[in-house]
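Subject: Structure handover

Hello,

Here is the structure I promised you. Please open it and keep it beside this message.

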Amino acid sequence: MPATIDLHCHSTISDGLYAPEALVAYAHAQGVKVMALTDHDDIGGLSVARAAAERLGIRFINGVEISVTWKKRTIHIVGLRIDPEYTPLKTALAAVRHGRLARAKRMAEALDKVGIPDVFAGAQALAGNSIITRSHIARYLVEAGYVKDVKTVFKKYLVKGKPGFVDHEWMSLAAAVTLIKDSGGVAVVAHPGRYDLGRTNMPLLMHQFRSCGGEAIEVVTGSHTPPQYTQFAKIAHQFSLKASLGSDFHGPGMSYIGMGQIQDLPANCIPVWQGWEEADCLN
Ligand code: AMP
Ligand code: MN
Ligand code: MN
Ligand code: MN
């Protein structure tokens with residue numbers, strides 16, 4: 001049975017294709033009852049999304065997906081039930097967005113050197129007032145006719161070792177977890193199966209995440225295969241972490257799976273939403 005809770009998705013505030021209101025309407029149409037909006041490094045969509053959710057009878061959870069650098073890798077930490085008015089969180093996210101702007105300019109310069117001009121302006125036009133992500137750069141390269149699809153742009157240009165990739169220092173793991181916790185939220189490692197961490201670093205990440213106050217990992221996500229659901233359910237148990245679930249929906253054609261289509265957590269998991277009043281409608 002598909003789950004009626006979805007704790008990870010994106011709107012146009014970051015790199016999703018639907019504006020916050022439209023995203024909530026889509027989630028509602030898909031049968032979602034409880035949702036969190038988790039835009040990258042930005043909480044600017046939460047109030048509009050919450051109002052839309054209240055109109056439609058969806059239970060809404062304030063969320064964010066923070067970009068973190070851990071051992072020279074980029075890791076994503078989702079914060080759930082955060083307080084969007086908590087000043088240290090707002091200030092720190094503003095600094096990350098500032099860094100993103102500089103990074104996008106450096107990526108555009110790097111692409112210019114391999115014969116692809118005007119990337120910054122092109123990506124910014126797609127992002128509007130929102131942050132510029134690699135997704136926007138990829139979409140620009142597709143729209144301008146350089147590459148056939150977004151997936152191929154990432155492979156050819158935007159991943160480590162490719163001409164449009166630039167190193168970037170995001171927030172530290174401890175800072176992200178602490179900000180989330182101190183704002184009243186719960187920190188969750190997003191799609192742990194995507195980082196290619198290996199036998200030493202995966203347990204190390206879990207251990208460090210837990211030591212600085214992290215409480216859950218995503219077990220069921222659009223980025224995991226069903227065998228990974230089992231693998232990460234085990235890891236959650238091993239490290240006494242709760243389990244989260246979310247589609248990581250970005251828009252039609254941009255995601256592996258839609259909202260309301262993802263399966264429930266394996267039976268042996270402790271749901272991160274256990275005891276939350278927003279989720280009492282699921283029992
Ligand atoms: P950024 O945070 O600017 O590095 O952008 C990362 C975003 O790019 C992720 O959140 C995904 O939405 C998207 N992304 C990353 N890798 C891929 C890929 N291989 N194909 C399509 N989209 C991707
Ligand atoms: Mn994204
Ligand atoms: Mn992510
Ligand atoms: Mn995401």
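Which charged end sits over the ring of W70? The charged end of K71 does, 5.8 Å from the ring centre. (For a charge to sit over a ring, NZ of Lys or CZ of Arg must be within 6 Å of the ring centre and within 35 degrees of the ring normal.)

Some ground rules. This is a predicted model, where local features need pLDDT of at least 70, side-chain atom pairs count only at pLDDT 80 or more, and totals for chains, interfaces and linings use all residues. Residues are numbered from 1 along each chain as its sequence is written, chains are lettered from A and ligands numbered from 1 in the order in which they are written, and side-chain values use heavy atoms, with hydrogens and water left out.

**The metal site**

D15, H40 and H250 coordinate the manganese ion (ligand 2) at 2.2 to 2.8 Å. In sequence the donor residues follow the spacing D-x24-H-x209-H. The manganese ion (ligand 3) is 5.7 Å from the manganese ion (ligand 2). D15 sits in the loop between β1 (5-6) and α1 (20-29), and H250 in the segment after β8 (242-246), so they tie together parts 235 residues apart in sequence. (Helices, H or I, of at least four residues and strands, E, of at least two are DSSP runs, numbered from the N terminus.) D15 and H250 are both buried. (Buried means under 20% relative accessible area, exposed over 50%, partly exposed in between, with a 1.4 Å probe and protein chains only.)

**The aromatic cluster**

Y18, Y26 and F249 form one aromatic cluster. The structure holds 3 aromatic pairs. (Rings of Phe, Tyr and Trp, the last by its six-membered ring, pair if their centres lie within 6.5 Å; planes under 30 degrees apart are stacked, over 60 edge-to-face, the rest tilted.) Y18 and F249 make a tilted pair, with 5.9 Å between centres and 40° between planes. F249 counts as buried because its relative accessibility is 4%. The rings of Y26 and F249 are stacked, because their centres are 4.5 Å apart and their planes at 15°.

**The core**

The largest nonpolar core has 74 residues, and M35 and V219 touch the most other members. (Such a core is a set of buried Ala, Val, Leu, Ile, Met, Phe, Trp, Tyr and Cys residues joined through side-chain atoms within 4.5 Å.) Strand β3 (residues 59-70) gives the largest share, 6 residues.

Best wishes

How values were computed. Donors are N, O and S atoms within 2.8 Å of the metal (3.2 Å for Na, K and Ca); water is not among the atoms, so sites may look incomplete.
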